[in-house]
Amino acid sequence: MSANAVHTSRPLSRWMKLIYGSGAMAFGVKDAALAYLLLLYYNQVLGLDAKLVGIALLLSFLLDGISDPIVGYISDNIQTRWGRRHPFMYVSAIPAFICFYYLWNPPAGLSQTDLFVYLLTFTILTRLVITFYETPSSALIAEITDSYHQRTNLLTYRLVFAWVGGLLLSLLAYGALLVPTPEYPVGQLNPEGYQTMGLIGSAAILFTILISSLGTHHYIPRLKTPTSITKIGSGRAFREAFESLSNPSFVYLFAYAMFSAVGFGIVTGLNIYINTYFWELSAKQIFLANLALLLSAAIAAIITTPMSRVIGKKTAAIGTSFLSFLLIPLPIILRLLDVLPPNGGEPVYEILGIGVTSIMIYVMGFQIVDVVMIIASNILLASMIADIVEDNLVQTGRRSEGLFFASRTFILKCVTGLGGLLSAFVIAAAGFPENAKPGEVEPEVVRNLGILYAPLLVGLFAIAMFFLRGYGIDKVKHEMNLKIIGGMTNRHKGGVIWLTGLSGAGKSTLAAELERNLADSGYSAYVVDGDKIPIAQNPKSEYSSEDYAREAKRVREIAALFAESGLVTIAASISPDRFDRVLARDICPNFHEVYVKANITVCVARDPNNLYKKARAGEIQDCPGISATYEEPKEADLVVDTNTDDVETCAAKLVQYVKSHFPLIPQAAPA
C-alpha cells in the first residue's frame, strides 16, 4: 500500500481504543512514581542530599531525552516483518520491569556518592527502556487514523489510561503501602512502602506493555510504510530531521512545551512537599484527594472530543491550558493571603473512614478541576502534534511521526528535568531540614516554599501561553492537507506556477523548458499556455481588456483542475490586470506567481505573435505595454529577468524554485 495513501480514517472499535490506550499505563506508572515520589523517597527517606537528587533527575531527563528523537527517527526509517514500531515495543518490556524494580530497592548502607550514582544509573535505565516502548507507541496515533477528530478521541483513551495508571499507583502507595508504623509514624517516610510499590509498579509496566503491543500487532499490515529509508547518522538524516522540525506549527508547540514542562516539572517535584508540609495532609488524606482525581479523568474523557469538535483543537487547548495554569498556583496564593482556612482542625465529615477537613475541601476542589483541564489540554496538544504529520508530508514529502512525537517528549523530558532540579533548589532555598515532620517545620520555612513556588509558576506558564497562540493547523487546513496528500499519485503535491509578463517576455519558452526539466527530474508537469487558448479565435475579439480577462479566466480554471489532480501546472498568461492574478491565486491550489520580467523595448524586438506590430497598425484595441497598462506584480513569489539572463539561467531558477516548493516524495527502498 502507498506510503501516502489516505486509508486509515475508518472508524476504530472501542476495543481497539482500549487496547491501544491501555499501553499508556506503563509510562503513566513510571511518570507518576518518578515525578511525585522519587524526590521525597531518596531525600527524606534514604537521606540523599536534595540537590544531588535534583541533579540526578536532571541528568537522567537529559540523557533520556536524547534517546527519544533517536528512537523515533530509527522507528520512522526501518522495515521489518513486524512493522516499524512493534519491534521496539516488544524489546522494552522485560528490561523495563527489571530497571523500575531496582530503582526502588537500592542496597542498604550506600554512601552519599554511591547512592547518587545508583539513583542516576537506574533512573537513566528506567527512562531509556520505557522510551523504547513509549516513543514508537505514541507515533502509532498518526498511523492508526488520519481522522482529525478520531485522533483526539483515540488520544483521550491514551491520556486517560496514563493518568489512571499513575493515579492507581499513587492510590496504592498512599492508601495501602505508605502506612504509619511505630518506627515510622509518618507514612510518607516508611521505606518498605516504596520498595513494595517498586515491585507492583514494575509488574504493571510489564503487563501493560505486552497487552498493548500484542493487541495492536494485527494492525501492522494496515500501518503506513516509510516513504524513504535514510541511513541514521548521515548528513541527509540530520538535514531531513531539521527540515521536518522547522515546521512553523511544531516550532510554536515546541516552545510552548519548553516553558510549560519546566513549570510542570516544578509542580510534580514539589507536589508531595506541598501536600505533606504546606497543607499538612496525612498519607490517608492524600490518598483520598488522589482518589477524587479519578473523577477528573472521567470528566476529561467525556468533554475533550466534543469540545474539540465545537470550538476546534487550538481554541480548546488554549482555554484548558489557561485554566490549568491558573488553578495550580491559585490556592497557594490564597493561602499566602490568609484567605483559606487553617490546616488541620476537626473533620467536617468522613469518607472511607478518613476525616475531611475544611482545607481538604478547598484543595480537592481546585485539584479536581485543574486535573480535568490538564488531561484535556494534553490530549488536545498530542492530537495537534499528530496533525503536523500530514502538514509536514505536504511540505517535505516525508512522514515523520516518530520524530515529531519523540522531539516533543525530548523537550518535555529535558526541561521537566530542569523543573525537577529547580524543585530541589526551591526546597534548599526555603531551608527545609532533613527528616522533616509535618507540623514541626518552622512556619517561615513553609511560607518561603509557597512564596518561591507560586510566582515561578505564574511566569513560566504565562510565557507558554504566548507561544501556544502561534499554532496554525485547524480542521480546514488538516482536511486540505489530506486532500493534497490524496492527490500525490505523482510523488509530489499539485499546484500552479503562474508565469505572467508582457508578450515577448519569454513566458511560453520558459514554460516549455521548465516542463522538460521537471519531467527529466521525475515530476508530472503540464503547461497551460494562454497562446494556445487565443482570444483571437473569437471573431469579434478586438484584444480588449475584457478579452484578456476572459483568457486569464480560462487559463486559471483549466490550471486549477490540473493542479487538483496532482500535476505541477505551468500557466503562461499575460494577465495584465493584477486583479485577474488575485482571482487565480484564490481558486488555484498551491499557487505561485512568477513575474517574467522584460522591458517593452526588448519585447517589441522579439514580438513572437506580431502583437505589437498589429497594435501599431491599429488592428488591436488594447495592447499591454503599448496602448494598455500592464500591472506589474507587487509581491511576486519569484522574479526572473529575461532582459539580462538567458533562457537556461532563468529556467534553472524556475526549476530550483519548483523543487524547493514541490519536494518529491522519495521512493521507498525494497524491504
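**Aromatic pairs, one by one**

Student: Is Phe432 buried or exposed?
Tutor: Phe432 has a relative accessibility of 12%. Buried means under 20% relative accessible area, exposed over 50% and partly exposed in between (1.4 Å probe, protein chains only). So Phe432 counts as buried.

Student: What am I looking at, then?
Tutor: This is a predicted model, where local features need pLDDT of at least 70 and side-chain atom pairs 80 or more, while totals for chains, interfaces and linings use all residues. Residues count from 1 along each chain as its sequence is written, and side-chain values use heavy atoms, leaving out hydrogens and water.

Student: How many aromatic pairs does a search of the whole structure find?
Tutor: Rings of Phe, Tyr and Trp (its six-membered ring) pair if their centres lie within 6.5 Å; planes under 30 degrees apart are stacked, over 60 edge-to-face, the rest tilted. Searching the whole structure gives 24.

Student: How are the rings of Tyr41 and Tyr194 arranged?
Tutor: Their centres are 4.5 Å apart, with 25 degrees between the planes. That makes the pair stacked.

Student: How many residues apart in sequence are the parts this pair ties together?
Tutor: Helices here are DSSP runs (H or I, at least four residues), numbered from the N terminus. Tyr41 sits in helix H2 (residues 24-45) and Tyr194 in helix H8 (residues 191-215), so the parts they tie together are separated by 153 residues.

Student: Which residue pairs with Tyr277?
Tutor: This pair is edge-to-face, 5.0 Å centre to centre with 65 degrees between the planes. Tyr277 lies in helix H10 (residues 248-278), and its partner is in the loop between helices H15 (401-430) and H16 (443-468). That partner is Phe432.

Definitions and conventions: Helix = DSSP H or I, 4+ residues; strand = E, 2+ residues; numbered from the N terminus.
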